[in-house]
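Student: Could we go through this protein together, one question at a time? I would like to learn how to read it.

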Amino acid sequence: MHTRRTFLSAAALGAATLAAAPLVHAQTTPGDVLPTRGTARRTALPTNPAAGPRYRPTSRVGLGCAPIGNNWAVVSEDDAQATIEAAWDGGMRLFDTSPWYGLGRSERRLGHVLGQKPRDEYVVSSKVGRLLTATRETPKVSWKDPPPFDYRYDYSAEGTRRSVEDSLQRLGIDSLDIVLVHDLSPDNGDMGERWLEYFEQARTGAFPELTKMREEGLIKAWGMGVNTPDPALRAIEVADPDIFLLACQYSLLDHQRALDDTFPKLAAKDISVIVGSPLLAGFLAGRDRYLYGSQPVPADANEKRATAQRIAERHGIDLRTAALQFANAPDVVSAIVPGSRNAAQVEANVASMSVVIPGAFWDELREAGILTANAPVPKAA
């Protein structure tokens with residue numbers, strides 16, 4: 001059985017080849033793990049410099065905690081705990097969660113484990129915008145086996161304070177490090193065009209309240225957690241955020257708009273980016289879904305993925321490893337938070353960050369039209 005101990009033993013070999021098995025092109029069921037291929041170097045997970053104009057988490061690789069909220073499939077309590085412990089054992093110290101993930105289940109599971117860790121050694125990012133209330137009729141949601149809670153949107157100052165307090169109760173900790181205004185975006189099916197009304201509520205409510213909480217020292221940073229760039233770019237015109245979690249916007253297969261427009265505008269204000277869904281919600285690991293199912297698979301995505309897989313195989317690495325390291329490369333990026341639903345997936349993601357990727361691999365991706373000319377790539381070892 002693949003355990004954290006076997007992973008750590010393998011990592012200690014340093015330059016040993018991580019996997020000699022043939023490339024597996026697809027995950028077939030939730031929880032599958034594609035083999036990590038390539039030569040490892042002895043190194044810890046990447047970190048950010050200690051000082052800067054705005055707060056950045058120290059860890060550049062964290063755990064996305066949507067899967068342990070039962071996203072797409074049920075995760076057992078044992079697997080959820082093992083997932084978080086594997087992240088800790090692998091060196092991850094950034095954990096991104098939300099009240100929305102499993103209607104509170106993700107926060108409760110995360111807090112159960114982190115409550116046993118030194119509070120000054122990890123960073124928790126959670127979100128505001130939805131308030132949960134107990135109900136006998138749980139609404140229809142994407143989360144599997146949801147607990148008996150309903151939700152309502154509230155981006156007011158009062159709702160923001162209450163959301164933070166509720167998260168602290170579920171997590172069992174005394175503070176949040178990063179607070180993100182969640183899903184305030186036109187791709188949110190609950191909102192549609194009404195997102196502009198909710199944005200105005202946030203402009204006069206959540207945004208100044210979070211700035212006040214930062215100034216009071218209750219949180220270290222705030223921003224937005226959204227799947228499209230427009231809300232983030234609108235926010236920097238009317239408020240003073242520090243950091244954005246941008247999901248579905250920067251990946252090996254889709255990065256041009258971020259590099260040409262979003263990233264430069266954020267960097268000009270010293271705002272950093274946490275990259276959510278660096279594997280396109282599993283597409284770059286072979287799943288059929290693209291992002292979160294919010295849009296159909298683009299016409300050329302399957303062909304681009306197949307081309308990238310063939311190039312990766314020629315250079316002796318796997319596509320997941322390339323995708324994670326690529327997402328972590330830009331200077332404006334302060335972290336990536338790939339989601340995992342079991343310990344083995346976490347261990348594989350940690351292992352991917354130690355693989356040496358030949359420079360010729362990135363050159364060939366550019367020649368094939370997978371990477372844009374201005375796309376940053378990991379520095380050579």
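Predicted model: local features only at pLDDT ≥ 70, side-chain atom pairs only at ≥ 80, totals over all residues.

Student: Which strands stand at the edges of the open sheet of 8 strands?

Tutor: Strands of a sheet pair through backbone hydrogen bonds, either parallel or antiparallel. Here the pairing is parallel, and the order is E2-E3-E4-E7-E8-E9-E10-E11. Each edge strand has a single partner strand, so one side of it has no neighbour in the sheet. The edge strands are E2 (63-64) and E11 (333-337).

Student: What is the bridge partner of Leu-246 in E10?

Tutor: Let's start with the two strands: E9 covers residues 243-247 and E10 covers residues 272-276. They pair in the parallel sense over 5 bridges. In E10, the partner of Leu-246 is Val-275.

Student: Are helices H5 and H6 roughly parallel or roughly antiparallel to each other?

Tutor: Two packed helices are described by the angle between their axes and the distance between the axes. For H5 (residues 195-204) and H6 (residues 206-215), the axes come within 3 Å and cross at roughly 30°. Angles under 35 degrees count as roughly parallel. H5 and H6 are therefore roughly parallel.

Student: Which residues of H6 make the contact with H5?

Tutor: From H5, the contact uses Phe-199, Gln-201, Ala-202, Arg-203 and Thr-204. By class, the residues of this contact divide into 5 nonpolar, 2 polar and 1 charged. On the H6 side they are Ala-206, Phe-207 and Pro-208.

Student: What is the volume of the largest cavity?

Tutor: Searching the whole structure for cavities of 30 Å³ or more gives 1. Its lining includes Ser-98, Trp-100, Lys-127 and His-182, and the lining residues divide into 3 nonpolar, 3 polar and 2 charged. The volume of the largest cavity is about 30 Å³.

Student: Which elements give two or more residues to the lining of the second largest pocket?

Tutor: This pocket has a volume of about 460 Å³. It is lined by 23 residues, with Arg-41, Gln-325, Val-377, Pro-378 and Lys-379 nearest its centre. The elements giving two or more residues are strand E12 (355-356) and helix H12 (359-367).

Definitions and conventions
Residues numbered from 1 in each chain as written. Heavy atoms only, no water. 1 Å grid on protein atoms, 1.4 Å probe; cavity = no way out; pocket = protein on both sides within 12 Å on 5 of 7 lines; lining within 4 Å. Points joined across faces, edges and corners; volume = space filled by probe spheres on them. Nonpolar A, V, L, I, M, F, W, Y, C, P; charged D, E, K, R; others polar. Helix = DSSP H or I, 4+ residues; strand = E, 2+ residues; numbered from the N terminus. Axes fitted to C-alpha atoms, helices over the stretch in contact; angles between N-to-C directions. Parallel < 35°, antiparallel > 145°, perpendicular 65-115°, else oblique. Contact = heavy atoms within 4.5 Å. Pairing = 2+ DSSP bridges.
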